[in-house]
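The points below may be checked against the coordinates as they are read.

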Amino acid sequence: MNTKELCGVANAKLDAFVTWTALDRSNLSDGRKLAVNYFIVAVILFFAQLLFGMIAATQFIFPSFLYGWLDFSVNRMVHINAMVVWMLYGFIGCTYWLLEDESQTEIVGLKYGKLAFWVLTIAVAVVVLVYLFIQIGAGNDTTLWLINEGREYIEAPRWADIGIVAVVLTFFYNVVATFSKGKWSGIAGVLTLDLVALAGLYLAGMFYMTNITHEQFWWWWVIHLWVEATWEVLVGVIMAWSLMKLLGVRRKIVTTWLYIEVALMFGSGILGLGHHYFWIGTPEYWLTIGGFFSALEPIPLVAMVVHAMYDAGSHSFKNSNHPAVAWIIAQAFGNFFGAGVWGFMHTLPQINLYTHGTQWSASHGHLAFFGAYATINIAFFYLAIQHWRGDVWMSGNAQNAWRWKWALGLLNVGVVGMTIALLIAGYEQSFIERAVEGSTWSGYFSAQNHPSFQSAMVWRWFFGLMTFAGLILLIWDLLTIGKGETRKMAFVETE
Amino acid sequence: MNEENPLWASESFWKKVAIWVTAGSFLILVVLTFDSLSQTEVGGKRVQAYSVINKKIDYVYKEDLHKFMPVIGETELLFGKEFTEEEAEKLVTLGKKTTQAKNCMNCHTLLGNGAYFAPDLTKAWLDKGWLSKELREDLMIKFLLDPENNARTFGSNRKMPNLHITPDEAKGVVAFLKWMSSIDTNGFPYNFKTIYATEE
Ligand code: HEM
Ligand code: HEM
Ligand SMILES: [Fe+2]
């Protein structure tokens with residue numbers, strides 16, 4: 001078969017698939033068409049994330065698996081990069097989704113937004129292919145510009161960084177111009193300022209420095225001030241808007257809550273950055289400042305749980321989209337436990353001296369990223385699919401409801417299971433490697449070879465598989481939910 | 001403000017609080033950032049000059065401070081050569097770029113940050129796994145050039161892959177590791193016994 005025929009076959013298959021999904025894009029406004037493009041790529045990257053996570057987890061048990069072909073470092077990099085990128089895609093999608101509704105006008109500069117989407121997506125594809133097939137380069141600037149910057153979470157080479165900044169500026173233009181043409185609101189204001197901060201922070205991670213203390217100092221500005229400040233506030237915005245739409249909560253209430261959350265989140269999270277400055281060479285005052293402020297970080301997360309649960313409860317959980325509301329509740333608890341409880345447990349320097357850089361961090365990282373950010377995006381995928389199907393019924397007695405329920409169960413139980421397994425491994429490492437053996441190389445391996453560590457890795461693998469199965473079911477459900485449903489959505493009344 | 005809408009439930013009050021709290025915290029962060037960056041310039045007390053690679057570096061418990069601290073000693077040349085500050089900077093820079101280009105951080109931790117598949121590199125230069133201070137340099141270079149055949153794996157079967165590090169890059173990496181081991185990390189890792197502690 002030649003290339004032309006192959007393309008023909010692929011096209012035909014794709015067409016057949018699109019027909020099978022029976023999704024009608026004419027149900028969506030222009031802004032929302034763009035939003036679902038972002039959601040589609042997000043789901044594909046989510047799949048890639050878990051696939052490479054499984055390979056990396058396998059290598060903990062069988063180190064020779066794919067050794068020399070796809071080494072642990074490559075798989076892990078793809079795992080965490082795919083995560084960061086799919087979540088950002090999700091957030092951009094959420095923003096485009098609510099933009100026209102919130103500003104009550106049509107999106108401004110749509111064609112630039114569309115172009116930006118394709119530029120970003122092609123860039124992401126190229127970066128991933130380079131990660132997989134070129135992997136590493138010589139120790140010089142060319143490598144950092146073209147292949148890989150070798151800095152956890154923000155490995156993307158410099159050319160891609162610059163592309164990302166250009167795309168984000170376009171996205172911004174869409175957001176600001178649309179609100180300016182339509183109308184501003186409290187939610188719109190917080191959203192815009194938060195996006196400015198989120199994008200600005202990325203610049204802090206774009207420079208090379210030989211002084212590793214300075215390098216890690218700025219690296220944490222990006223990582224921490226994203227996940228523990230700007231991303232949290234973005235979730236607050238998305239949540240505020242969804243509670244209005246899904247449950248009919250009054251705008252005044254959600255806006256007031258949003259300001260409270262911003263105050264608490266930024267008030268604790270900005271200086272909480274200090275919990276990463278205990279051991280990287282930075283001065284001792286960070287032990288006090290970082291310990292104190294980061295210990296306050298769970299407070300806004302409690303506030304968010306109260307907000308979501310109170311609003312849901314006061315509306316007797318009556319809503320127009322059961323899966324979305326279920327995932328929003330999962331978000332409230334996941335955020336609180338993953339970031340709040342798991343984060344708090346190792347945030348004081350007296351404890352962090354022993355847990356720093358062990359599976360403890362991985363335990364927290366999994367529950368926090370999943371609980372806080374995967375969940376809210378999944379909730380939005382369900383909102384999007386409902387409208388894409390033409391505002392069909394997705395409340396009680398929906399067809400095939402077992403699918404979304406099982407996907408919810410498998411994903412959550414899978415991640416919690418991995419979290420517990422990693423926690424056990426982390427405790428064991430803290431004791432044996434750090435406390436008893438003083439973190440030497442032989443101490444590291446004593447801890448890795450310990451039976452409780454090894455069995456934890458096996459448990460993590462099985463719970464990882466459960467998570468992966470949950471994702472596959474979730475994707476199947478997203479593609480089919482509401483198909484053939486004739487009842488219309490149960491519209492909620494605004495208070 | 002009225003009975004129905006007290007101050008603590010008012011939108012405009014919380015909006016102001018949010019703005020002031022955010023601006024205030026950020027301002028404090030900026031001030032502390034300037035201070036931290038200046039206290040951690042290369043050549044200061046906390047982060048040593050690159051030419052520290054000409055010296056003996058140790059890491060010992062200080063009774064009075066209740067923590068482990070790096071100790072810079074007499075001359076102890078690396079690769080039998082005395083480096084000027086510029087030469088040392090060049091070599092450490094090559095090493096640092098190599099660690100990024102080879103993606104070390106996605107298996108190892110550096111200063112405790114990174115991945116957990118392989119040991120921490122913060123004090124790798126001082127690790128007693130290198131047997132003795134005479135053998136250390138050669139063992140490290142040999143290992144970096146061909147980790148597959150020089151791996152000890154400590155019974156874990158985990159081997160570092162061959163990253164096609166050149167001999168020059170390997171020297172750079174060793175210099176970078178030596179320099180990094182002299183950074184004052186506020187006592188992390190705790191209880192670490194160096195190659196010198198075991199020799200005595
Ligand atoms: C949704 C919010 C959060 C996310 C997504 C998140 C994620 C992460 C991740 C992935 C790491 C590991 C970083 C690495 O690779 O080195 C980490 C480290 C850490 N997080 Fe969080 N986190 C969140 C919130 C919090 C909160 C609220 C606290 C404290 C109350 C906290 C405390 C810590 C600490 C102390 C570390 C350092 C661990 C170490 O020393 O190795 N985190 N976080
Ligand atoms: C199929 C399920 C999954 C498996 C098997 C898996 C496996 C892994 C492995 C092996 C690592 C490397 C840890 C190390 O360096 O020792 C890792 C890191 C990480 N994974 Fe996953 N993962 C899975 C799902 C997820 C999910 C759902 C999330 C979040 C949404 C996530 C977020 C992360 C993060 C943030 C890190 C870096 C942690 C750190 O540096 O502390 N993973 N994962
Ligand atoms: Fe943090």
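1. The second largest cavity has a lining of 38 residues, and His108(B), Ala118(B), Phe143(B), Lys159(B) and Met160(B) are the ones nearest its centre. The elements supplying two or more residues to this lining are helix 3 (72-103) and helix 16 (441-449) of chain A, together with helix 2 (85-101), helix 3 (136-145) and helix 5 (167-180) of chain B. Helix 3 of chain B contributes the most, with 3 residues. Here helices (H or I, at least four residues) and strands (E, at least two) are DSSP runs, numbered from the N terminus.

2. This is a predicted model, in which local features need pLDDT of at least 70 and side-chain atom pairs count only at pLDDT 80 or more, while totals for chains, interfaces and linings use all residues. Residues are numbered from 1 along each chain as its sequence is written, chains are lettered from A and ligands numbered from 1 in the order in which they are written, and side-chain values use heavy atoms, with hydrogens and water left out.

3. The second largest cavity holds about 570 Å³ of space. By class, its lining comprises 26 nonpolar, 7 polar and 5 charged residues; Ala, Val, Leu, Ile, Met, Phe, Trp, Tyr, Cys and Pro count as nonpolar, Asp, Glu, Lys and Arg as charged, and the others, Gly among them, as polar. The count of cavities of 30 Å³ or more is 7. On a 1 Å grid over the protein atoms alone, a cavity is a set of points where a 1.4 Å probe fits but cannot get out, a pocket is an open set with protein on both sides within 12 Å along at least five of seven lines, and lining residues have an atom within 4 Å of a point. Grid points are joined across faces, edges and corners, and a volume is the space filled by probe spheres set on the points.

4. The iron atom of ligand 1 has His364(A) as its only protein donor, through NE2 at 2.0 Å. Donors are N, O and S atoms within 2.8 Å of the metal (3.2 Å for Na, K and Ca); water is not among the atoms, so sites may look incomplete. His364(A) belongs to helix 14 (residues 359-388) of chain A. The iron ion (ligand 3) lies 4.3 Å from the iron atom of ligand 1.

5. Helix 12 of chain A bends by about 25° at Gly334(A), the bend being the angle between axes fitted to the seven residues ending there and the seven starting there.

6. Of its 25 lining residues, Leu193(A), Asp194(A), Ala197(A), Phe266(A) and Thr22(B) lie nearest the centre. Helix 7 of chain A provides the largest share, 8 residues. The lining contains 17 nonpolar, 6 polar and 2 charged residues.

7. Two features fall in the loop between helix 5 and helix 6 of chain B: Pro189(B) and Asn191(B). The peptide bond from Phe188(B) to Pro189(B) is cis, with omega near -5°, and Asn191(B), although not a glycine, has a positive phi of about 70°.
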